[in-house]
Amino acid sequence: MSKELLKICNFSKTFGDLAVLKDISFSVKEGEVVSIIGPSGSGKTTLLRCAALLESVEKGDLSYGDLQVCVQGVYAGKNVLKDAKNRFGFVFQNFHLFPHYNVMENVTKAPLLVQKRDKKEVEEMARQLLKKMGLSGKENSYPCELSGGQQQRVAIARALAMKPGILFFDEPTSALDPELTQEILKVIRDLAEEKMTMVIVTHEINFARNVSDRIIFMADGYIVEEGEASSLVDHPQNERTKEFLAFISQKG
Amino acid sequence: MDYASMFSELLKGLLVSVEIFFLTLLFALPLGLLIAFGRMSKNCIVANIFRVYISIMRGTPLMLQLLVCFFGPYYLFKIPLASSYRFAAVIIAFSLNYAAYCAEIYRSGIQGIPAGQYEAAGVLGFTPVQTFFRIIFPQVVKRVIPPVTNEVITLVKDTSLAFSLSVMEMFTMAKQIASAHTTMIPFVAAGVFYYVFNFLVAFGMERLEKRLDYYR
């Protein structure tokens, strides 16, 4: 049995009076691809951001493998959090590349400054990652000179350069037009084939169905339904899930 | 008085003006950053202290601040006035005043950086110090060059206020020569010097701006 890389238990979070996460529990095993779908405002992005320590929860446990990051809403010390950040990578909806660094620097700065790795090794790895992302020859370009799809691929390379155990994607294609969306989905599909562990918040239901092992459907801060990807999409059990999928397919 | 000796007197004054200019920049630019941090502090007592500081510095005349800096130690603490303190008082008053303006410029620059930059640096494991100096500050510099240029140009002209403490900078010199020889020429010459000085400043800042033009 493969080991659990991420475990979330009973996450609860509120923004003022609004409860955005209500008693959420799920875990991710090594090599697994999990997609989180659901209507806007269902809490899926917040869940991912809480897992990535970009926001904190009020109740619940969070652990990365053997690393206990949060127990009943109480977070561990600085060093543990720093360790935890080495275990996941995060790809944002709006890329958030560093505009004053060129592509190469965007990818290599964190491994060099944070992980203190060897410069030659990091640059060699960065070149290979960029090649894999179809960005060879763009090493010295600046983010403003790239298309949205290229920028997002740099962002993925930047996340992978840290050698994370898990990669989080927060609606990675929502800022892109359909053509560029396919570009990014292909990259994620390739990563899935290499057994990269990933958690993807997405609106691309068909993509989620094809690429994921498991899909989690969220609504109103709850996990409404969770299951094997194709069976959840093709034969949803819950009324709320059926409604959402019907609405999406109508729109599509 | 012949023109040659008039110009040599004015040039001597210009050197003092230039000295005030560079020393003020040297102290005010970094001090402004510290004040900006204070003003943005999450501790509301600290933030309010700096808010009041900026408010006073911007709300009262620089000439008044010069006089307070020079005469304050005597009237408040009975410390005897030393003539050698004159120049230091000018630098202190200018630095404190200009730092307040710079602080607000930096603050607007820092607060204008999208939150996503902090988040991206955060998930990559950058420490807050690394995040500020590697990611945020370089972008702030680019954003604040136009408003800082404004301040620097104003500073060139404001150095003439040191005349209120009888520091022998160019304007003080011009005024002395003008009244001693009943002539307008030193004022015209001083005006040309200030203009050329500012022309060079604007040119330099524009070059700097161009050099940072490689990204948006």
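Start with the largest nonpolar core, which has 77 residues. A nonpolar core here is a set of buried Ala, Val, Leu, Ile, Met, Phe, Trp, Tyr and Cys residues joined through C-beta atoms within 7 Å. Buried means that 20 or more other C-beta atoms lie within 10 Å of a residue's own; exposed means 12 or fewer, and partly exposed is in between, with C-beta atoms placed from the backbone. Select A:Ile36, A:Ala51, A:Val91, A:Ala157, A:Ile166, A:Phe168 and A:Val199: these have the most contacts inside the core.

A word on what is loaded. This is a predicted model, in which local features need pLDDT of at least 70, side-chain atom pairs count only at pLDDT 80 or more, and totals for chains, interfaces and linings use all residues. Residues are numbered from 1 along each chain as its sequence is written, while chains are lettered from A and ligands numbered from 1 in the order in which they are written. Helices (H or I, at least four residues) and strands (E, at least two) are DSSP runs, numbered from the N terminus.

**Around A:Ile36**

Centre on A:Ile36. Leaving aside neighbours within four places in sequence, A:Ile36 is in contact (C-beta atoms, placed from the backbone, within 7 Å) with A:Lys44, A:Leu47, A:Leu48, A:Val199, A:Val201, A:Ile216 and A:Met218.

Next, select helix H1 (residues 44–51) of chain A. Eight of its eight residues are buried, so the helix is largely enclosed by the rest of the structure. The buried set includes A:Lys44 and A:Arg49 as well as A:Leu47 and A:Leu48. Step past the helix to A:Leu53, where phi is positive, near 65°.

**The sheet of chain A**

Show the strands in the order E7-E8-E9-E3-E10-E11: six of them form an open sheet with mixed pairing. Two strands pair if DSSP finds at least two bridges between them. At the edges are strand E7 (88–91) and strand E11 (222–228) of chain A, each pairing on one side only. From one strand to the next, the twist averages 15°.

Zoom to E7(A) and strand E8 (residues 166–170) of chain A. They run parallel, paired over four bridges. Pick A:Phe88 and find its bridge partner in E8(A), A:Ile166.

Now colour by pLDDT, the predictor's confidence in each residue, from 0 to 100. Chain A has a mean of 93, with 99% of its residues at 70 or more. Within chain A, E8(A) is highest at 97, and helix H9 (residues 239–251) is lowest, at a mean of 87.

**Across to chain B**

Select the contact between the chains: 17 residues from chain B and 19 residues from chain A. On the chain B side, helix H5 (115–123) and helix H6 (128–158) each give two or more residues. H5(B) gives the most, with six. By class, this side has eight nonpolar, six polar and three charged residues.

Of its 216 residues, 31% are buried.

Last stop: B:Ile105, in helix H4 (residues 85–111) of chain B. B:Ile105 counts as buried because it has 20 C-beta neighbours inside 10 Å. Not counting residues up to four places away in sequence, B:Ile105 touches B:Val144, B:Pro147, B:Val148 and B:Glu151. Draw a distance to B:Ala36: 8.4 Å, C-alpha to C-alpha, across 69 residues of sequence.

Technical notes: Axes are lines fitted to C-alpha atoms, for helices over the stretch in contact, and angles run from 0 to 180 degrees between N-to-C directions. Two residues are in contact if their C-beta atoms, placed from the backbone, lie within 7 Å. Ala, Val, Leu, Ile, Met, Phe, Trp, Tyr, Cys and Pro count as nonpolar, Asp, Glu, Lys and Arg as charged, and the others, Gly among them, as polar.
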